[in-house]
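Please keep the sequence and the coordinates at hand while reading.

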Amino acid sequence: MTVPNEAADELEVWIDQDLCTGDGICAQYAPDVFELDIDGLAYVKPPVAPGEEADLLTAPGATAPVPLPLLRDVTDSVKDCPGQCIHVRRVADGTEVYGPEAA
């Protein structure tokens, strides 16, 4: 994965672990953005340079930028998530654009 200079319209993604069912669909669609941890729940991780390992962001409400090349994979994850726990919002105003609270 290349580390883009810009995220998709400055979007960020986060997961509500209280709703996560641990199916791992998100990690299958976008493994550079999502990963299951030892607790069986999905977490986001930030973009990193090729060859580097990203740290999972395990703090509640932790967000990661959505790299433009991965936007479709992230939105497919949102649509197919059985727990409806993935949220994508604009950084500028905090409006959810994909996820259970999107208008």
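This is a predicted model: local features need pLDDT of at least 70, side-chain atom pairs count only at pLDDT 80 or more; totals for chains, interfaces and linings use all residues.

A nonpolar core is here a set of buried Ala, Val, Leu, Ile, Met, Phe, Trp, Tyr and Cys residues that are joined through side-chain atoms within 4.5 Å, where buried means under 20% relative accessible area.

**Core**

The largest nonpolar core has 21 residues, and those with the most contacts inside it are Val13, Ile15, Phe34, Val74 and Ile86. The elements that give two or more residues to this core are strand E1, helix H1 (25-29), strand E3, strand E4 (64-67), helix H2 and strand E5. Phe34 shows how such parts come together: residues up to four places away in sequence set aside, its contacts include Val13, Ile15, Val74 and Ile86, and also Cys26, Ala27, Tyr43 and Ser77.

**Confidence**

The protein chain has an average pLDDT of 91, and 91% of the residues score at least 70. Among the elements, strand E1 (residues 7-15) has the lowest confidence, with a mean of 84, whereas strand E3 (residues 42-44) has the highest, at 98. Over residues 1-5 the pLDDT is below 50, although this stretch has eleven contacts in the model beyond near neighbours in sequence.

**Helix H2**

In helix H2 (residues 71-80), the buried residues are Leu71, Val74, Thr75, Ser77 and Val78. They lie on the same side of H2, because they cover an arc of only 150° around the axis. An α-helix has 3.6 residues a turn, so residues three or four places apart point the same way. The face of H2 that is turned away from its buried side carries the exposed residues Arg72 and Lys79.

Tyr29, which lies in helix H1, is in contact with Asp73, Asp76, Ser77 and Asp80, leaving aside its neighbours within four places in sequence. With Asp80 there is a polar contact from side chain to side chain. Tyr29 has a relative accessible area of 32% and is therefore partly exposed.

**Strands E5 and E6**

Strand E5 (residues 86-90) and strand E6 (residues 96-98) run antiparallel and are joined by two bridges; in one of the pairings, Val88 of E5 has Tyr98 as its partner in E6. The two strands form a hairpin with five residues between them, and Gly94 in the turn has a positive phi of about 75°.

His87 lies in strand E5 and counts as buried because its relative accessibility is 3%. Not counting residues up to four places away in sequence, His87 touches Glu12, Val13, Trp14, Asp16, Glu96, Tyr98, Pro100 and Glu101, and with Glu96 there is also a polar contact between the side chains.

Trp14, in strand E1, has a relative accessibility of 18% and so counts as buried. Beyond its neighbours within four places in sequence, Trp14 is in contact with Val44, Gly61, Ala62, Thr63, Cys85, Ile86, His87 and Arg89.

**Selected distances**

The table gathers distances for residue pairs discussed above or linked to them.

| Pair | Kind of distance | Value |
|---|---|---|
| Tyr29 and Asp80 | polar contact, side chain to side chain | 2.4 Å |
| His87 and Glu96 | polar contact, side chain to side chain | 2.8 Å |
| Trp14 and Tyr43 | C-alpha to C-alpha | 7.6 Å |
| Tyr29 and Arg72 | C-alpha to C-alpha | 9.1 Å |

Along the chain, Trp14 and Tyr43 are 29 residues apart, while Tyr29 and Arg72 are 43 residues apart in sequence.

Methods:
Residues are numbered from 1 along each chain as its sequence is written. Side-chain values use heavy atoms; hydrogens and water are left out. Buried means under 20% relative accessible area, exposed over 50%, partly exposed in between (1.4 Å probe, protein chains only). Helices (H or I, at least four residues) and strands (E, at least two) are DSSP runs, numbered from the N terminus. The arc is that of the directions from the helix axis to the C-beta atoms. Two strands pair if DSSP finds at least two bridges between them. pLDDT is the predictor's confidence in each residue, from 0 to 100. Contact means heavy atoms within 4.5 Å. A polar contact is a pair of N or O atoms within 3.5 Å; within protein, one must be able to donate a hydrogen and the other to accept it, and residues adjacent in sequence count only if both atoms are side-chain atoms.
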